[in-house]
Amino acid sequence: MTITIIGAGNTATVLGRLLQQQGATILQVYSTTATHAQQLAATVGATAIDSLASMETAADLYLLSLIHI
């Protein structure tokens, strides 16, 4: 299964690691903050993106991990 993670906070990090450990391939990590996307992407072996226009459309799953306060 291929996954794009939208969000790069604590929840996204935990889910990304667990999914990768279960054999999923994390394709991309999106965050509006490039540094946050890069940190999580490095952890799960993915590509970091900070533009929705750069998002791949071939993932099996798009995981939203966002918080609104």
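Two strands pair if DSSP finds at least two bridges between them. Keep that in mind as you look through these close-ups of a predicted model.

**View 1. Strands β1 and β4 run side by side.**
β1 and β4 are parallel, and four bridges join them.

**View 2. Four strands make an open sheet.**
In which order do the four strands of the open sheet lie? The order is β3-β2-β1-β4, and the pairing is parallel. From one strand to the next, the twist averages 25°.

Now turn to α2, which lies across β1, β2 and β3 and runs at about 175° to β2.

**View 3. Helix α1 has a buried face.**
With 12 residues, α1 reaches 17 Å from its first C-alpha to its last, close to the 16 Å expected at 1.5 Å a residue. Which residues of α1 are buried? They are A12, T13 and G16. Looking down the axis of α1, you will find its buried residues within an arc of 100°, so they line one face of the helix. Their cover includes β1, β2 and α2. The exposed residues N10, T11 and Q21 are on the face turned away from the buried side. Just after α1 comes G23, with a positive phi of about 100°.

**View 4. Inside the largest nonpolar core.**
This core has 13 residues, and those touching the most other members are I3, I5, I26, V29, L40, V44 and A46. β1 (2–6), β2 (25–30) and α2 (34–44) are the elements that each give two or more residues to the core. The largest share, four residues, comes from α2. Zoom in on A46: leaving aside residues up to four places away in sequence, A46 touches I26, L27, Q28, V29 and A41.

**View 5. L52 sits in a loop.**
Find L52 in the loop between β3 and β4. Is L52 buried or exposed? Its relative accessible area is 56%, and exposed means over 50%, so L52 counts as exposed. Although L52 and I6 are 46 residues apart along the chain, 9.6 Å separates their C-alpha atoms.

Terms used: Residues numbered from 1 in each chain as written. Predicted model: local features only at pLDDT ≥ 70, side-chain atom pairs only at ≥ 80, totals over all residues. Heavy atoms only, no water. Core = buried A, V, L, I, M, F, W, Y, C linked by side-chain atoms within 4.5 Å. Buried < 20%, exposed > 50% of the residue type's maximum accessible area, 1.4 Å probe, protein only. Contact = heavy atoms within 4.5 Å. Axes fitted to C-alpha atoms, helices over the stretch in contact; angles between N-to-C directions. Expected span 1.5 Å × (residues − 1). Arc of directions from axis to C-beta.
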